[in-house]
Amino acid sequence: LLGFFSTKKPEIISYELGAKGLRIGNRLYPYKTMKSFRVQVDIKPMLLVHSERVVMPIISVPIEKEMAETIEEIMLAHNLPEENIQPHASETIMDSLGF
């Protein structure tokens with residue numbers, strides 16, 4: 001299975017942090033379904049969102065380091081608390097394997 005995924009080209013998925021929430025591809029995650037967030041700028045810049053989803057509640061979105069402050073301001077403007085959210089363990093493993 002790892003061999004199959006290692007040969008597959010990564011899919012480019014667009015995302016947008018807009019007035020209604022976080023849109024990833026065609027799916028919208030409204031602000032009202034978000035519990036908290038973290039803007040990570042060290043090792044791998046990303047937006048981490050703790051959502052109400054039961055399966056895989058942590059949403060991870062890669063960001064440009066230069067956009068970190070703006071993203072943080074947008075999330076705070078929607079009354080979302082900042083928390084020390086960590087990426088899901090599977091994401092850390094996949095990164096270390098080069099996926």
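**Sheet E1-E2-E3**

I looked up the open sheet first: three strands in the order E1-E2-E3, with antiparallel pairing. E1 and E3 are at the edges with a single partner strand each, so one side of each has no neighbour in the sheet. On average, neighbouring strands of this sheet are turned by 15 degrees against each other, direction ignored. For that angle I used axes fitted as lines to C-alpha atoms (for helices over the stretch in contact), with angles from 0 to 180 degrees between N-to-C directions.

I note the basis. The model is predicted: local features need pLDDT of at least 70, side-chain atom pairs count only at pLDDT 80 or more, and totals for chains, interfaces and linings use all residues. Residues are numbered from 1 along each chain as its sequence is written, and side-chain values use heavy atoms, with hydrogens and water left out.

Strands here (E, at least two residues) and helices (H or I, at least four) are DSSP runs numbered from the N terminus. Two strands pair if DSSP finds at least two bridges between them.

**E1 with E2**

I checked E1 (residues 15–17) against E2 (residues 21–24): three bridges, antiparallel. Tyrosine 15 has isoleucine 24 as its bridge partner in E2. Leucine 17 stands opposite leucine 22. The hairpin between E1 and E2 passes through three residues.

**E2 with E3**

Next I took E3 (residues 27–30), which is joined to E2 by four bridges and runs antiparallel to E2. Isoleucine 24 turns up again, now opposite arginine 27 in E3. This hairpin has two residues between the strands, and glycine 25 takes a positive phi near 65 degrees.

**Glutamine 40**

I then moved to strand E4 (residues 34–40), where glutamine 40 is found. Is glutamine 40 buried or exposed? Glutamine 40 counts as buried because its relative accessibility is 9%; the cut-offs are under 20% for buried, over 50% for exposed and partly exposed in between, with a 1.4 Å probe and protein chains only.

I found a side-chain polar contact of 3.5 Å to arginine 38. A polar contact is a pair of N or O atoms within 3.5 Å; within protein, one must be able to donate a hydrogen and the other to accept it, and residues adjacent in sequence count only if both atoms are side-chain atoms. A polar side-chain atom of glutamine 40 also lies 2.8 Å from the backbone oxygen of lysine 44.

Leaving aside neighbours within four places in sequence, I list Pro45, Met46, Leu48, Ile63 and Pro87 in contact with glutamine 40 (heavy atoms within 4.5 Å).
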